[in-house]
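Hi,

Here is the structure I said I'd pass on. Have a look at it first, then read on for my notes.

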Amino acid sequence: MTNSSSRREFLRWSAGFSMLGAAAPLALQLTAAGSAAAAGAPDYKALVCLFLQGGQDSNNLVLATDPDSFGRYTSARNNGQDPIALMAPGTPVPDVPPGTRLDRPALWGGVLPIVPRTAQAIPAGTTVTGARTFAVHPMMAPAVPLFEQGRLAVLANVGMLLQPTTKAQFEGRRVPIPPQLFSHNDQQSSWQAGAIDGAQTGWGGRLGDVLASQNGGASIFTTVSADGNAVFLSGNVVNQYQVNTQGSPAIVINNRSGSLFGSSLGGSTLNSIIQNTGGTSNFANDHATVVQRAISAATSINAAVGVPAAQAIPQPPAFFEPIQGFQDQNPWTVQLHTVAQLIAAAPTLGVKRQVFFCRLDSFDTHDNQNPREALNLARLAQALTYFDSVLSNIGGVDMRANVTTFTASDFSRGFATNGSGTDHAWGGHHLIMGGAVKGGDMYGQYPTLGIDRPDFKNPDISGNNMIPTTSVDQYGATLGRWFGVSDSDMNTVFPRLGNFSQRYLGFL
């Protein structure tokens, strides 16, 4: 970055638009995607969950910028030892000396306006006047065209709810409230499970249960995690399949020479031993069955994606770290690269319905939020634009209408700053991307903002927490309906859905 850098240059580099960069090695020898995708595209659908682990501060992701709302936002966040309030729309990116650490809002320029196609209503009984206007964090610049082109939507004020809950009901404890509301572990589990109290299955897995039969003998690939074990993908029938994106290939027992440690018979002998289910120990037999399944699955994936490099999925782009100014790897595009390869391999595998899980971490911003959140959102924006671009041409087919990507998180964070960051809260805003998404719009009710004081009693915030007006159940059910789950089966996937009068939210 130079003294003459414009906003456009700064944001372009901070998002890592360049499609150059080294290829990341992948597990299971996932090397390329094939044109076979064309054959099955009309019948294929996938859901891709981007879990923003740690509690994403959605108050700085999607902002209300009408004068009343932005004034209350600035009052709540422009204080403390390291204020976290973003700059007003239209604020230019300043010229700074080369090597300046770009770690605070004054160096990023103003928030970037977005114009939802449907006007948000002014909440009744509030002091908000005039039309509501909105913007996103400056680091989300690459994703703004997705919103404008109609492939990205905002869902406002989502949270874990047991039933519709008002501020008065919450404060008076007049309705059931999700337990351990501000605990990371509990709320990560609750969001992913769609349930409370140590659930063993997740709603992604239960969606997979309903539709796994469409995958025939390849049902093992119905739910796939690109970042370790996730309760979200655990079903009553389906078992999540985990892939490693960081470069450790699957063990190859029988290589081309057929040898192992120099023995021409070693490979086949070891293969026979570890897959032997004819022993007297039930434990050993069960273990051998699992090993058989793992080897068979790895073999199937390797065969499905082992096609000419000319038809490969583009490697993740280079990423320019926006705070300290160096080229880095974006771990989230690496995960989505793997997901894209598996989507491309789906016709070869015979898979029609898949649910994927990617985990994007580091959102627990109690302190030092300015640089940490800016880096996270730059990564997220690049990941979304990269994935959208890749899906636009898989084997010559535009697959964007077949894949819906959405964000989730433990919870949002408090409306007011704690001095240099934010603490745990409740309701927050999320993003949905895809060709089937009715994008360029905002769904749900964006809340009235402001901390209670004698002249302003906020109907949507209790203390420092937004009371969700949309439930995780409604969010997931809307995704599930597009995915192909029937109304009757939806009640099995989301047992509390009947508590909410509006089952589906209309963004798909």
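First, the ground rules. This is a predicted model, so local features need pLDDT of at least 70 and side-chain atom pairs count only at pLDDT 80 or more, while totals for chains, interfaces and linings use all residues. Residues are numbered from 1 along each chain as its sequence is written, and side-chain values use heavy atoms, with hydrogens and water left out.

**Salt bridges**

Searching the whole structure gives 13 salt bridges (a side-chain nitrogen of Lys or Arg within 4 Å of a carboxyl oxygen of Asp or Glu). One of them joins Lys352 to Asp43, at 3.6 Å from N to O. Lys352 is in the loop between helix 10 (331-349) and strand 10 (353-360), and Asp43 is in the loop between helix 2 (37-40) and strand 1 (45-52), so this pair ties together parts that are 309 residues apart in sequence. Helices (H or I, at least four residues) and strands (E, at least two) are DSSP runs, numbered from the N terminus. Lys352 is partly exposed at 27% relative accessible area, and Asp43 is partly exposed too, at 45%. For those labels, buried is under 20% relative accessible area, exposed is over 50% and partly exposed is in between, with a 1.4 Å probe and protein chains only.

Asp227 and Arg359 make another salt bridge, with their closest N and O atoms 2.7 Å apart. Asp227 sits in the loop between strand 6 (223-225) and strand 7 (241-242) and Arg359 in strand 10, so parts 132 residues apart in sequence are tied together. Here Asp227 counts as partly exposed at 29%, whereas Arg359 counts as buried at 14%.

Then there is Asp388 with Arg151, a salt bridge at 2.8 Å, N to O. Asp388 belongs to helix 11 (residues 369-391) and Arg151 to the loop between helix 4 (144-148) and strand 5 (152-159), 237 residues apart. Both Asp388 and Arg151 are buried. They are also part of a salt-bridge network that takes in Arg151, Asp388, Asp398 and Arg400.

**Rings**

There are 15 aromatic pairs in the structure. Rings of Phe, Tyr and Trp (its six-membered ring) pair if their centres lie within 6.5 Å; planes under 30 degrees apart are stacked, over 60 edge-to-face and the rest tilted. Phe170 and Trp426 form a tilted pair, 5.2 Å centre to centre with 50° between the planes. Phe170 is in helix 5 (residues 167-171) and Trp426 in the loop between strand 11 (403-409) and strand 12 (428-433), 256 residues apart. Both Phe170 and Trp426 are buried. Phe170 also has the charged end of Arg173 over its ring, 4.6 Å from the centre (NZ of Lys or CZ of Arg within 6 Å of the ring centre and within 35 degrees of the ring normal). Likewise, Arg379 lies over the face of Trp332, at 5.7 Å from the ring centre.

One aromatic cluster includes Trp191, Trp203, Phe232 and Tyr443. Trp191 is also among the buried residues of helix 6. In that helix (residues 184-193), 7 of the 10 residues are buried, so it is largely enclosed by the rest of the structure. Gly194 follows helix 6, with a positive phi near 65°.

**Cavities**

The count is 2 cavities of 30 Å³ or more. On a 1 Å grid over the protein atoms alone, a cavity is a set of points where a 1.4 Å probe fits but cannot get out, and lining residues have an atom within 4 Å of a point. Volume is the space filled by probe spheres set on the points, which are joined across faces, edges and corners.

The largest cavity has about 80 Å³ of space. Its lining has 10 nonpolar, no polar and no charged residues (Ala, Val, Leu, Ile, Met, Phe, Trp, Tyr, Cys and Pro are nonpolar, Asp, Glu, Lys and Arg charged, and the others, Gly among them, polar).

Cheers

Definitions and conventions
1 Å grid on protein atoms, 1.4 Å probe; cavity = no way out; pocket = protein on both sides within 12 Å on 5 of 7 lines; lining within 4 Å.
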